[in-house]
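Have it open next to you while you read.

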Amino acid sequence: MQFQQLRYFVAVAETRHFTRAAERVHVSQPSLSQQIRALERELGAELFSRARGNIALTDAGEALLAPARRILADADTARHEVQELAQLRRGRVRLGATPSVCTGLLPDVLRAFHDLHPGIELLIEEGGSRDLVRELGRGVLDLALVVLPMPAPSPALTTVELLREDLVVVSSAGSPAPRRPMRIADLRGEPLVMFRHGYDLRELTVAACRAEGFEPTFTVEGGEMDAVLGFVRAGLGLAVVPRMVAERAGRDLRVTALAGPGLRRTIALAHRSDVAPPRAARELQRMLLRTRTPAGPGPGPGAGG
């Protein structure tokens, strides 16, 4: 008795038609009929009554149908479990993240994941939350770390909050010590190094300054996170960045807290609701969720980047 024969038998039993059953299992009708006859010889009993072109299960066929379905289901389960295990030895995970998350949160998590699963290729795409949400919807990414609230909430995405983090002001180590802690109003007239357009942190900083009644002053603008930190180190101005990024940036930057209510950002892990991520992506998801921090007091204005 072969799995192939049982598949053909179940297909005929469910369609009650040899030609339609052959189409379902993608085999020619003569080949299917030949395999069914071979199965009947093996079992020593006819499985179908073929009187006047009507296909019906015999008593022997009725007795075989439920066990055949269980055997095929068990075989599919075994195949799936083996494939799942194989995906942890080779394959890839496509992860999207905002640039500041790539700088702050991801390095330690990705190192731990790579140590456990060195055969998995990690493909990282940096972008703003809006772009990452679009790429998730297109199926280009398996997972994405985005900033809440999302620019365009989508019912097709599932999000789980990972952490809430304060934003801080960074300046060069050689610059005059700024007030501790600083207020947003203290940024009036201060030279700022500003991110490119479309960068969530740019939108937040500009909005916060305007809420205090002034337009920020830019000395340099248009950079990504690494460039902005480099310009700050060179003494070109201040920048508002996530605390996690500032703490990893090195001793050549001075970090100053923002006075309450301050600015905070919420990072969430997102994936499509209608498609389960691959096994390797689910393992990375599990590791990322272990970094979750309890929700703190109510956040100030939302932040991103």
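1. Ground rules. This is a predicted model, so to speak of local features pLDDT has to be at least 70, and side-chain atom pairs count only at pLDDT 80 or more, while totals for chains, interfaces and linings use all residues. Residues are numbered from 1 along each chain as its sequence is written, and side-chain values use heavy atoms, with hydrogens and water left out.

2. The helix pair. Have a look at α6 (residues 106-116) and α11 (residues 279-289): they pack at about 130°, axes 10 Å apart. Helices here are DSSP runs of H or I with at least four residues, strands are runs of E with at least two, and both are numbered from the N terminus. Axes are lines fitted to C-alpha atoms, for helices over the stretch in contact, and angles run from 0 to 180 degrees between N-to-C directions. The angle makes α6 oblique to α11; that label is what remains after roughly parallel (under 35 degrees), roughly antiparallel (over 145) and roughly perpendicular (65 to 115).

3. Contact means heavy atoms within 4.5 Å. By class, that is ten nonpolar residues, no polar and one charged (Ala, Val, Leu, Ile, Met, Phe, Trp, Tyr, Cys and Pro are nonpolar; Asp, Glu, Lys and Arg charged; the others, Gly among them, polar).

4. H117. This histidine sits in the loop between α6 and β4 (120-126). H117 is buried, at 11% relative accessible area (buried is under 20%, exposed over 50%, partly exposed in between, with a 1.4 Å probe and protein chains only). Leaving aside residues up to four places away in sequence, H117 touches L88 and E283.

5. Backbone. Most residues other than glycine have a negative phi, and most peptide bonds are trans. G260 and P261 are joined by a cis peptide bond, omega about 5°, with P261 in the loop between β10 (253-257) and β11 (264-272). R16, not a glycine, has a positive phi of about 55° and is partly exposed at 37%. H26 has a positive phi near 60° and is exposed at 73%.
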